[in-house]
Amino acid sequence: MIEIRDLEKIYQMGDETVAALAGVSLTIERGEHTAIIGASGSGKSTMMNILGGLDRPTRGTYHFEGEDVGAFDDNALADFRNRRIGFVFQSFQLLPRLTALQNVELPMVYAGMDPEERRARAATLLERVGLGSRAGHKPTQMSGGQQQRVAIARALANSPDLLLADEPTGALDSQTGKDILALFHDLNAEGLTLVLVTHDPKVADQSRRRVTFEDGRIISDERGARS
Amino acid sequence: MRRIDLVTFAAGAIIAHPTRSALTSLGVVIGVAAVVMMTSIGLGAQQRVTSAIGGLGSNLLIVSPGASRGPGGGFVSQGAGTGNSLTEDDAEAMATQIEGAVAVAPSVRGGAQLTAEGANWQTRVEGVTPDYLVARDLTMESGRMFDDTEARQGRKVIVIGKTIATELFGEDSDPVGKRIRVGAVPFEVIGVLASKGQSGFGQDQDDIVLGPLQAVRSRVVGRRVQGSNVQTIYVKAASADEMDRLQEDVTNLLRERHRIRQGAEDDFSVQNMASIMEAMQASVKTFTSLLAAVAAVSLVVGGVGIMNIMLVAVTERTREIGLRMAVGAKRNDVLFQFALEAITLSVVGGIIGLVVGVSGAMLMAKLGDWPVAIASWSIPVSLGFSLLVGLVFGAYPSWRAARLDPIEALRRE
């Protein structure tokens, strides 16, 4: 599903050029459960941004389901993020003004979906993540775990092909973190492709495939059963 | 995305900060209200000038004895009316020799105490000819005007205005046939003039007494006006287009009759009401534009206020913008959302400003006894301008929002 060849991302920092990604090739198949591991500055976040269509590579190619994402213009990238990708962030990134339901609706709004249809789907998704009774709550009235569940429901809104999670348990206590990871497993079991970015080996161990980044390169790519 | 959802987003952001939104709009409210009020003051002044001069009679030339010093005759007739150069014969000559004069009305006037049925009233009595009604656009309410025969015979009859009728005989009385002593001389009331109300200069135009020229000159005015002299001759033209020609004909005729040599100064002055009105209106218009321009500046200041707050909002909501982009908002979706917010703040301010401005104009009209004159164009224009202000001053903040890098934006605390 994802074909990445010789990907480079170079930033200009004053006089210095910094290679966040220095030639990365990676293939991810549909239905995989992948963890991208690395210390901060290893290039894993840059990798995730490019995978999610938030950023463009300096060199190299990125094909998603055969489409050349590197050639997309801004609007095509926005559509790509809207329909193909679901983002889950460490800090949840819910809009505080909106209720849980409205937050989940947001990607569907940008997809131009009919209000009744999207409201019904948002309610179903909240049900799916176990927050059916909290639809009318604002983020500030919810615990971190609940907020992250809302964020996951939002990520699933337009039935994406790929769920990208950036340190999804980083802001949660360990028990809540486990619950969230369990939810990811369930989603993966239903066929959703997952890429989880983390610096925490314990979280990474939950994934069947672990790709380790260091200094903008992949230094290991292991497959194995969850421990 | 659907357009209605953009509106919902923009409205949601505005409602989320009610106080801030209200204060942001306030600048536009004040600006639009100021524009509406200022233009209405200007328009009111213009109407007042029109009615002030029009109240004297339309298409009217006022000929007075004595030279006017200003070229063309200023509105304030310096020195005019002081001489004794105009006579009834001059008026007669104008009436017979000048083409296009609808009415020629010589007049003398003097102050007098009116007494009737125990009441008294100090006023000015005018001695005129029947043509005076035509010249000054007056009409009778009851009774009749005296005719040429009565005037020539020096009959002691008068026609009075509404104010006099009320002051001397009480409300709803019919003074026709009653007697009024003008000074010591008894006159018979033969008619009452239809009310003209207050003039634009604040004078009561119904405080008026008209009597035959000879009778008033000899019985009321006395020695100040001798022989067949008159103090004013009113000449009415058939139409505004004829005013200039008529003025020239009157001047030429009088110079000839008064044997004024070429190059010598006139011993009379001719005021052309049409050109005076034009000059006054032009100056009022300039004044109005000036007021409107000052008010427009406050509208622009209101726009700057919107830009300021929108820039703050973009900074505050950087993460929101990043998130929206991450879940699929296109740059234009973000641009339009913020532009719509700015335009809504501005247009809502414009609508409120319009209401405030119109009520303010009405209140001022009431307090200042000023004609309410709200230009119909001020409604679409002020709304259009507030839309424009929102568009112009919302453009830069919206562009800043749309241009944000989603990665940077999401990382912002």
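Two strands count as paired if DSSP finds at least two bridges between them. Helices (H or I, at least four residues) and strands (E, at least two) are DSSP runs, numbered from the N terminus.

**Entry 1: ground rules**

I am looking at a predicted model, where local features need pLDDT of at least 70, side-chain atom pairs count only at pLDDT 80 or more, and totals for chains, interfaces and linings use all residues. Residues are numbered from 1 along each chain as its sequence is written, while chains are lettered from A and ligands numbered from 1 in the order in which they are written.

**Entry 2: chain A overall**

I counted up chain A and got seven helices and ten strands. Its C-alpha trace spans about 50 × 40 × 35 Å along the principal axes. I then checked the radius of gyration, taken over C-alpha atoms; the globule rule is 2.2 Å times the number of residues to the power 0.38. For 227 residues a compact globule would come out near 17 Å, and chain A has 17 Å, so the two agree.

Next came burial: a residue is buried if 20 or more other C-beta atoms lie within 10 Å of its own, exposed if 12 or fewer, and partly exposed in between, with C-beta atoms placed from the backbone. Buried residues are 48% of the 227 in chain A. For contacts, I used C-beta atoms, placed from the backbone, within 7 Å. Of the chain A contacts with a separation of 6 or more, 69% link residues 24 or more positions apart.

**Entry 3: a sheet in chain A**

I found an open sheet of four strands in chain A, in the order 2-1-4-5 with antiparallel pairing. Strand 2 and strand 5 (67–68) are its edges, each pairing on one side only. Helix 1 (residues 44–51) of chain A packs on this sheet and touches strand 1, strand 2 and strand 4 (59–64). The helix direction makes about 60° with that of strand 2 of chain A; axes here are lines fitted to C-alpha atoms, for helices over the stretch in contact, and angles run from 0 to 180 degrees between N-to-C directions.

I zoomed in on strand 1 (residues 2–13) and strand 2 (residues 16–28) of chain A, which run antiparallel and are joined by ten bridges. They form a hairpin with two residues between them, and Gly14(A) in the turn has a positive phi of about 65°. Across the pair, Ile4(A) stands opposite Leu26(A), and Lys9(A) stands opposite Leu21(A).

**Entry 4: nonpolar cores**

A nonpolar core is a set of buried Ala, Val, Leu, Ile, Met, Phe, Trp, Tyr and Cys residues joined through C-beta atoms within 7 Å. The largest has 116 residues, and Ile36(A), Val104(A), Leu126(A), Leu163(A) and Leu164(A) touch the most other members. Helix 2 (residues 18–54) of chain B gives the most to this core, with twelve residues. Apart from it I noted another core of 60 residues, including Val189(B) and Val230(B).

**Entry 5: where the chains touch**

Chain B brings 19 residues to the contact and chain A brings 21. On the chain B side, helix 10 (318–326) is one of the helices supplying at least two residues, and helix 10 gives the most, with five.

**Entry 6: one proline**

I looked up Pro380(B), which is in helix 12 (residues 378–402) of chain B. Pro380(B) is exposed, because 9 other C-beta atoms lie within 10 Å.

Definitions and conventions: Contact = placed C-beta atoms within 7 Å.
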